[in-house]
Structures are given as C-alpha cells and as structure tokens.
Amino acid sequence: MAQMHIDAALADRLDSLESHLQAESPVLLQVVKAFRELDQVGYRVGLLRDDQSYATQVPWWPLISILGTFSAGKSTFINDTLGHKLQKSGNQAVDDKFTVVCFSPEPNGRVLPGIALDADMRFPFFKMSEQIEQVAEGEGRRIDAYLQLKTSNAEAVRGKILIDSPGFDADEQRTSTLKITDHMIDLSDLVLVFFDARHPEPGAMQDTLEHLVGKTIGRKDANKFLYILNQLDTAAGDDNPEDVVAAWQRALATQGLTAGRFYSIYSDSAARPIDDPTLAARFERKRDEDLGAIRQRMQEVGVERAYRVVAALEHQAHAIVDEDIPRLQGLLAQWRQRSGRWALGAGLGGLGTLAVVAWLGLDLLGLLAGAVVLLGPGIGVLISIGLALGLLALCAARVADSMHQKMLRNDDALAGAFARNARWWRWPVRSIMGWNGAAHQRVKDVLHSGSTFIRKLNDSFTDPSGQERSTASSTSTAGK
C-alpha cells in the first residue's frame with residue numbers, strides 16, 4: 001500500500017519522538033512505527049486529517065496525576081517529592097490551574113504558559129484547547145487560564161511528568177475543568193487522590209467522593225489509583241486518632257472502595273509537633289511505611305507507561321475494525337436510504353405538479369409526449385434517466401451535507417471519513433474508500449505486533465524460567 005502524504009510539521013514531531021526513544025526504549029520506538037502504520041489506514045479512509053496521527057493521542061512520557069480536595073496537601077507533597085518549593089501551598093486554594101511539572105537541567109525553574117502544552121504532542125494536554133472548546137464555547141482560546149508548565153531540576157521528575165490539579169469540588173467545578181480532569185485521569189499511568197484528614201465529616205462530600213472514587217473504582221485500570229488520607233498528624237491530638245482514618249475508610253467504602261490502595265500520610269515539613277513520643281513514633285512508622293509504598297509506585301511508573309502505550313496501540317487498532325468501520329458503514333447506508341427517499345419524494349412531487357398543470361388545461365404532458373415521439377423513445381429514456389440521476393445526485397448531496405454537519409459536533413474523525421465517502425457519485429457504491437483487504441491486513445499486522453511488544457516488555461522486566469538469573473550466577477561463580 002502506497003504511503004499517504006502527511007503534514008510536514010507532524011512528520012517532524014514524529015521523527016523527533018522516534019529519535020528520543022531510540023536510546024530510551026527500543027520497544028516503544030517500534031510502537032511509534034506501528035502507530036504510523038495505523039495512520040496510513042486512517043488517512044485513506046478519512047478518519048485522520050493529514051495533520052493528525054494516532055500517535056499524538058498518547059502521552060509518551062510516564063505520567064503521574066495528583067488530584068484531591070481543596071487544601072489536601074497536594075502541593076506540599078509535590079514540593080517534598082522534588083526536594084524544593086515549586087508549588088505554592090496553604091490552607092486556602094492557592095492555584096486554579098493544572099500545573100504540569102517536568103525535568104529541566106537548568107538550576108532555576110521556569111513557568112511557561114498553557115500554549116506550551118497545547119502545542120506539544122509529547123505532553124498530555126496536546127490540543128487540549130480543542131476539547132475545551134467543544135464543552136465550553138470560547139474557552140478554548142483561554143488555554144493559559146487552565147494550564148501551565150513548570151520545570152524543575154529534581155531527579156524525582158527526570159524522565160517523568162507530574163500534574164498538580166486545582167482543588168476539587170464536583171459541585172462547583174466548571175464543565176471545562178471537569179473535562180480536563182477526566183482527560184488527565186484517562187492518560188495517566190498513576191493517579192494519587194488526596195483527601196484532607198482535617199475534615200471530620202467526609203460523608204458531607206458525597207458528590208466529590210463519587211467523582212474521585214465512585215467513577216474510578218470500576219475502571220479496567222483501577223489499579224493505578226492510590227487513595228491517600230493526608231495531614232494525618234492533625235488527628236494526633238484526638239482521643240482516638242484511628243477513628244479519623246476509619247471514618248474516611250467508611251466514606252470511601254460507600255463508593256465501592258472496600259480494600260487496599262488506601263494510605264495515610266503527613267508531611268514532616270508541614271506537620272504539627274506530636275508531644276507524646278510513643279504516639280509520635282507510631283505515627284511516623286505508619287507514615288514512613290505508606291510513603292515508601294507510594295514512592296515505590298512512582299518510581300515504577302515508567303514500566304506502567306510502556307504497557308499503557310502498547311495497550312493504546314492495540315485499542316486503536318481494534319477501534320478501527322470493530323467501531324469506526326461498522327459505524328461508517330451504518331452511516332453510509334443511512335445516507336443512501338435517506339437520499340433515495342428524498343429523490344423518490346421529489347420525483348413524485350414533480351409528477352404531481354405536472355398532473356395539476358394538465359388539469360388546469362395546460363397540455364405540458366402532451367408537449368412532453370410529443371417531444372418523445374419527435375426525438376425518439378431512446379432519447380426520451382435518456383432524458384428521463386438523466387433527470388432521475390440529477391435529482392438523486394442533488395438529494396444525496398443535500399442529505400450528506402446535513403448529516404456531516406451533525407457529526408462534526410460529536411465526532412470529527414467519523415465526520416471526515418463520512419465526507420470522504422458520501423459523495424453523490426458514490427451513492428450506488430457499497431464499499432468504503434481506502435478500506436479493503438490490504439488495509440484490513442495492515443491493521444491485523446499491527447495487532448499482531450502489539451502482542452510481540454508485550455512479550456518483549458515482559459522479557460525486559462521478568463524472567464519466569466530463571467535462566468537469565470542462573471546464567472548470570474554461573475558466570476559470576478566461574479569468575480571467582
């Protein structure tokens with residue numbers, strides 16, 4: 001299958017991504033190439049414009065998102081992780097933007113506007129302005145009001161990205177902010193959800209708990225969510241501090257979280273002194289244990305990223321075959337039916353008009369019959385066929401335009417494929433442009449390569465047979 005032309009800027013971005021992965025991950029380098037194979041199918045069918053790629057819909061950096069209620073200590077946790085103060089912190093909401101934190105070797109960090117994220121496919125908010133515009137007209141132009149990029153030279157963020165979100169309140173959150181939140185959750189490899197131990201009545205936050213817990217607990221990737229009760233040091237003065245933890249566990253259980261993945265921590269840099277040495281030691285021991293588990297998951301996020309990207313490749317390949325093509329076939333069948341009905345209705349209406357004219361005494365039907373006799377029946381048939389085809393073409397074009405406009409509001413990719421195929425001269429054609437045996441085989445090859453990539457990743461991180469370890473041990477022993 002010949003290669004389709006793609007936008008030069010997009011080609012440069014994909015080439016740059018491949019160059020970066022050349023040294024970091026040979027497996028993911030091959031995944032980029034597999035995405036480009038899928039792109040060729042998307043271009044031919046019309047599911048992609050020449051400035052789009054399925055590869056740009058996936059963030060290629062390991063991604064950790066941090067969500068939580070207002071003043072739950074998210075920013076303090078990030079500052080402790082980095083080892084320096086990057087985010088403002090306090091008891092009130094201090095930042096209403098989503099902040100992407102990434103590594104830079106420069107000793108002094110920078111703050112860059114949201115456009116830096118919106119225009120760079122390497123980050124998770126690539127073309128986020130377009131998605132915001134779909135849910136809140138006019139807001140897409142205000143991308144800097146929603147996003148910002150900060151850099152840090154901390155080793156903790158080398159090779160990964162952290163996202164700090166605004167304080168969460170489902171009752172008051174704007175639609176556009178919820179859209180960004182859901183997008184961020186979908187793309188993340190690890191999601192830390194923070195709650196504030198200083199709030200003694202978690203049951204009063206049902207809407208927030210439903211969005212942060214209830215809507216995530218049933219996901220296929222639910223294992224990537226860690227629920228963290230922060231600032232537990234504030235409960236040290238209570239008669240029974242375990243009651244605070246128990247209350248939050250009950251609140252989360254009402255949303256379906258009944259076991260595991262629940263941690264309780266506090267920050268040394270912001271903690272209140274605990275006067276009782278025994279109690280302080282117990283709090284510190286629990287804090288250090290849970291913090292260690294959280295940090296370990298953060299360190300392993302690169303591994304989870306690799307599997308997530310391969311899963312995204314397989315999902316996109318399946319989506320083309322199992323969703324996009326069948327939906328497109330259904331829409332085109334609907335277009336043909338509606339066009340035929342419109343043409344039939346218009347034709348019958350035309351005959352009715354002629355009948356009325358004849359009833360009024362204007363012998364136009366006679367004139368037409370005379371023209372047929374004069375020109376011959378063959379010419380008359382050709383005229384009739386031409387008029388019918390012209391009427392059908394007009395109706396097909398009108399119906400296609402109407403359906404296309406409706407689809408543009410909901411599914412830009414499907415709208416593009418429909419517009420490519422729903423041309424009046426293709427009305428009798430049942431096949432989809434660009435979708436044939438070769439294209440189907442191309443998608444199958446990508447799916448097969450996805451299984452190969454998973455095996456290669458498994459070989460990188462596991463050794464079920466123990467052969468490699470045994471070989472390494474034998475080599476070590478032989479050298480002694």
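His-404 is buried, with a relative accessible area of 18%. The exercises below all refer to this predicted model.

## Exercise 1. His-404 and its place in the chain

Determine why His-404 counts as buried, in which helix His-404 lies, and what separates its C-alpha atom from that of Ala-419.

Solution. 
- Step 1: The cut-off for burial is under 20% relative accessible area, and His-404 has 18%, so it counts as buried.
- Step 2: His-404 belongs to helix H12, which spans residues 377-408.
- Step 3: Along the chain, His-404 and Ala-419 are 15 residues apart, and their C-alpha atoms are separated by 6.6 Å.

## Exercise 2. The sides of H1

Solution. 
- Step 1: Helix H1 covers residues 8-24, 17 residues in total, and reaches 25 Å from its first C-alpha to its last, close to the 24 Å expected at 1.5 Å a residue.

## Exercise 3. The arc of H8

Carry out the corresponding analysis for H8: which residues are buried, and what arc do they cover?

Solution. 
- Step 1: H8 runs over residues 242-253; its 12 residues reach 16 Å from first C-alpha to last, close to the expected 16 Å at 1.5 Å a residue.
- Step 2: Val-244, Val-245, Ala-247, Trp-248, Ala-251 and Leu-252 are the buried residues of H8.
- Step 3: Their arc around the axis is only 160°, which puts them on the same side of H8.

## Exercise 4. H2 and the aromatic pairs

State how many residues of H2 are buried, how many aromatic pairs the structure holds, and what geometry the pair of Phe-35 and Trp-60 has.

Solution. 
- Step 1: H2 has 20 residues and reaches 30 Å from its first C-alpha to its last, close to the 28 Å expected at 1.5 Å a residue.
- Step 2: Of the 20 residues of H2, 15 are buried, so the helix is largely enclosed by the rest of the structure. Just after H2, Gly-46 takes a positive phi of about 105°.
- Step 3: The structure holds four aromatic pairs. One of them joins Phe-35 to Trp-60, with 5.8 Å from centre to centre and 75° between the planes. Planes over 60 degrees apart count as edge-to-face, and this pair is therefore edge-to-face.
- Step 4: Phe-35 lies in H2 (residues 26-45) and Trp-60 in the loop between H2 and strand E1 (63-68), so the pair ties together parts that are 25 residues apart in sequence.
- Step 5: Phe-35 is buried at 0% relative accessibility, and Trp-60 is buried with a relative accessible area of 1%.
- Step 6: For Phe-225 and Tyr-227, the ring centres are 6.4 Å apart and the planes stand at 10°, so this pair is stacked. Phe-225 is buried at 1% relative accessible area, as is Tyr-227 at 0%.

## Exercise 5. The phi of Gln-231

Identify where Gln-231 lies and whether Gln-231 is buried or exposed.

Solution. 
- Step 1: Gln-231 lies in the loop between strand E7 (225-230) and H8.
- Step 2: Its phi is near 65°, a positive value in a residue other than glycine. Most residues other than glycine have a negative phi.
- Step 3: With a relative accessible area of 18%, Gln-231 is buried.

## Exercise 6. The largest pocket

Solution. 
- Step 1: The largest pocket has a volume of about 1,600 Å³. It is lined by 41 residues, and the closest to its centre are Tyr-54, Gln-57, Gln-131, His-183 and Gln-316.
- Step 2: At least two lining residues each come from helices H5 (128-135), H6 (175-187), H10 (301-359) and H13 (412-421).
- Step 3: H10 gives the largest share, 10 residues.
- Step 4: The lining divides into 18 nonpolar, 10 polar and 13 charged residues.

Terms used
Residues are numbered from 1 along each chain as its sequence is written. This is a predicted model: local features need pLDDT of at least 70, side-chain atom pairs count only at pLDDT 80 or more; totals for chains, interfaces and linings use all residues. Side-chain values use heavy atoms; hydrogens and water are left out. Helices (H or I, at least four residues) and strands (E, at least two) are DSSP runs, numbered from the N terminus. The expected span of a helix is 1.5 Å times one less than its number of residues. Buried means under 20% relative accessible area, exposed over 50%, partly exposed in between (1.4 Å probe, protein chains only). The arc is that of the directions from the helix axis to the C-beta atoms. On a 1 Å grid over the protein atoms alone, a cavity is a set of points where a 1.4 Å probe fits but cannot get out, and a pocket is an open set with protein on both sides within 12 Å along at least five of seven lines; lining residues have an atom within 4 Å of a point. Grid points are joined across faces, edges and corners, and a volume is the space filled by probe spheres set on the points. Ala, Val, Leu, Ile, Met, Phe, Trp, Tyr, Cys and Pro count as nonpolar, Asp, Glu, Lys and Arg as charged, and the others, Gly among them, as polar. Rings of Phe, Tyr and Trp (its six-membered ring) pair if their centres lie within 6.5 Å; planes under 30 degrees apart count as stacked, over 60 as edge-to-face and the rest as tilted.
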